[in-house]
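Please look over the sequence and the model shown here before reading on. The briefing below goes through the contact between the chains, then each chain by itself, and then the packing of selected helices.

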Amino acid sequence: MAIDTERPKTPHRKDSLGTGLPYRAGRQRPGKGGEFWWWVFMRVSGILLLFLAVGHVLIMHVVGSGVDRVNFAFVALRWRSPFWRTWDWLLLSLALIHGVNGLRVISLDYIRRPGLRIAVNWLFNFTGVILFALGSIVVFTFDPSKWPGTGT
Amino acid sequence: MALRRTAKSRTAEFGSLYRGREGQWSWIAHRVTGVAIILFLFAHVVDTALVGWGPNAYNRVIAVYRNPFIRLLELGLVAAVIYHALNGIRIMVIDFWPKANDVNRQLIYATTGIFVLSMIPISFIIVTPIVEKYFFTFPSWWPF
């Protein structure tokens with residue numbers, strides 16, 4: 001994590017790699033500002049995604065012959081229920097924000113030129129916003145009665 | 001050049017990011033699986049959105065998932081999601097209960113163990129239809 005850690009005035013007795021912090025000090029937490037709220041968001045969305053993403057993967061890819069059964073009629077039947085539309089929309093939004101922020105955190109470690117980093121992150125954010133809009137529109141406006149006889 | 005000097009002095013001051021043991025490998029695995037998942041998600045939102053363009057468009061694009069090679073990538077995706085989830089639980093345990101850091105290495109082996117155990121049945125479930133379609137039919141006692 002690209003977090004500025006304060007070096008203690010007197011190094012810990014089990015100093016680790018010259019940081020002054022003990023080997024088992026654990027992970028430093030961002031103290032304030034946007035970085036702290038992103039830290040909170042990653043954990044809150046992470047807990048929700050444990051159910052949303054892992055559940056989605058198990059339902060769609062593992063149980064009941066997996067993706068073999070997925071087609072237009074399957075989606076039409078599934079999205080008759082507001083429960084699954086809400087599930088899929090929450091998964092879409094949380095996974096996109098969680099993932100794009102994850103890419104930003106990684107970019108802080110590997111892209112040292114600020115201009116390039118801003119450009120790369122701008123590209124990720126732009127992709128995320130476009131896909132969020134596209135996915136939201138489809139989840140909420142999908143109506144299989146436009147194609148009679150094919151849905152259920 | 002200025003950038004290079006900064007990089008060097010940071011390494012001299014704080015040491016490398018890499019500590020070379022289990023913690024480093026779980027950290028790398030968390031990043032690699034995370035990047036793989038978000039890159040797949042970018043494509044997956046587009047292919048799922050095609051459902052809004054009707055059955056012809058959607059059924060054509062979803063047929064890609066029937067390809068046996070894509071099936072192996074699908075298995076990799078499921079593995080990535082499950083690993084990222086389990087390792088994420090471990091990270092949160094350490095964040096909210098710092099004492100757990102004393103047994104971090106054991107926790108890493110525990111999450112890896114649960115991951116491997118859960119991937120055994122999942123791998124059989126996903127790979128069995130490919131084998132049955134292209135190679136041979138399993139006897140009736142085969143559970144997957």
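**Briefing on the two-chain model**

The contact between the chains takes 37 residues from chain B and 38 residues from chain A, two residues being in contact if their C-beta atoms, placed from the backbone, lie within 7 Å. On the side of chain B that touches chain A, the elements giving two or more residues are helix H1 (2-14), helix H2 (22-49), helix H3 (55-62), helix H4 (68-96) and helix H5 (104-134) of chain B. This is a predicted model, in which local features need pLDDT of at least 70 and side-chain atom pairs count only at pLDDT 80 or more, while totals for chains, interfaces and linings use all residues. Residues are numbered from 1 along each chain as its sequence is written, and chains are lettered from A and ligands numbered from 1 in the order in which they are written.

**Contact between the chains**

- By class, the side of chain B that touches chain A has 26 nonpolar, seven polar and four charged residues, where Ala, Val, Leu, Ile, Met, Phe, Trp, Tyr, Cys and Pro count as nonpolar, Asp, Glu, Lys and Arg as charged, and the others, Gly among them, as polar.
- H4(A) and H2(B) pack at an angle of about 30°, with their axes 10 Å apart; axes are lines fitted to C-alpha atoms, for helices over the stretch in contact, and angles run from 0 to 180 degrees between N-to-C directions.
- That angle makes H4(A) roughly parallel to H2(B), given that angles under 35 degrees count as roughly parallel, over 145 as roughly antiparallel, 65 to 115 as roughly perpendicular and the rest as oblique.

**Confidence**

- The predictor gives the complex an ipTM of 0.79 and a pTM of 0.81.
- Chain A has a mean pLDDT of 83, with 82% of its residues reaching 70 or more, and chain B has a mean of 84, with 86% of its residues reaching 70 or more; pLDDT is the predictor's confidence in each residue, from 0 to 100.
- Among the elements of chain A, helix H2 (residues 72-78) has the lowest mean pLDDT (87) and H4(A) the highest (94).
- Among the elements of chain B, H1(B) has the lowest mean pLDDT (54) and H2(B) the highest (92).
- Where pLDDT is low, the predicted coordinates should not be read in detail.

**Makeup of each chain**

- Chain A has four helices and zero strands, while chain B has five helices and zero strands; helices (H or I, at least four residues) and strands (E, at least two) are DSSP runs, numbered from the N terminus.
- Buried residues make up 18% of the 152 residues in chain A, and of the 144 residues of chain B, 16% count as buried; a residue is buried if 20 or more other C-beta atoms lie within 10 Å of its own, exposed if 12 or fewer, and partly exposed in between, with C-beta atoms placed from the backbone.
- Among contacts in chain A between residues at least 6 apart in sequence, 63% join residues at least 24 apart.

**Helix packing within chain A**

- Helix H1 (residues 33-62) of chain A and H3(A) pack at an angle of about 135°, with their axes 9 Å apart, which makes H1(A) oblique to H3(A).
- H1(A) passes H3(A) in a left-handed crossing, and by class their contact has twelve nonpolar, five polar and no charged residues.
- H3(A) and helix H4 (residues 114-141) of chain A pack at an angle of about 175°, with their axes 10 Å apart, and they are therefore roughly antiparallel to each other.
- The residues of the contact of H3(A) with H4(A) divide into ten nonpolar, seven polar and four charged.

**A:Ser107**

- A:Ser107 lies in helix H3 (residues 82-110) of chain A and, with 17 C-beta neighbours inside 10 Å, counts as partly exposed.
- Leaving aside its neighbours within four places in sequence, A:Ser107 is in contact with A:Arg117, A:Val120 and A:Asn121.
- The C-alpha atoms of A:Ser107 and A:Leu131, 24 residues apart along the chain, are separated by 21 Å.

Note on methods
A crossing is left-handed if the near helix is turned anticlockwise from the far one by less than a right angle, and right-handed if clockwise.
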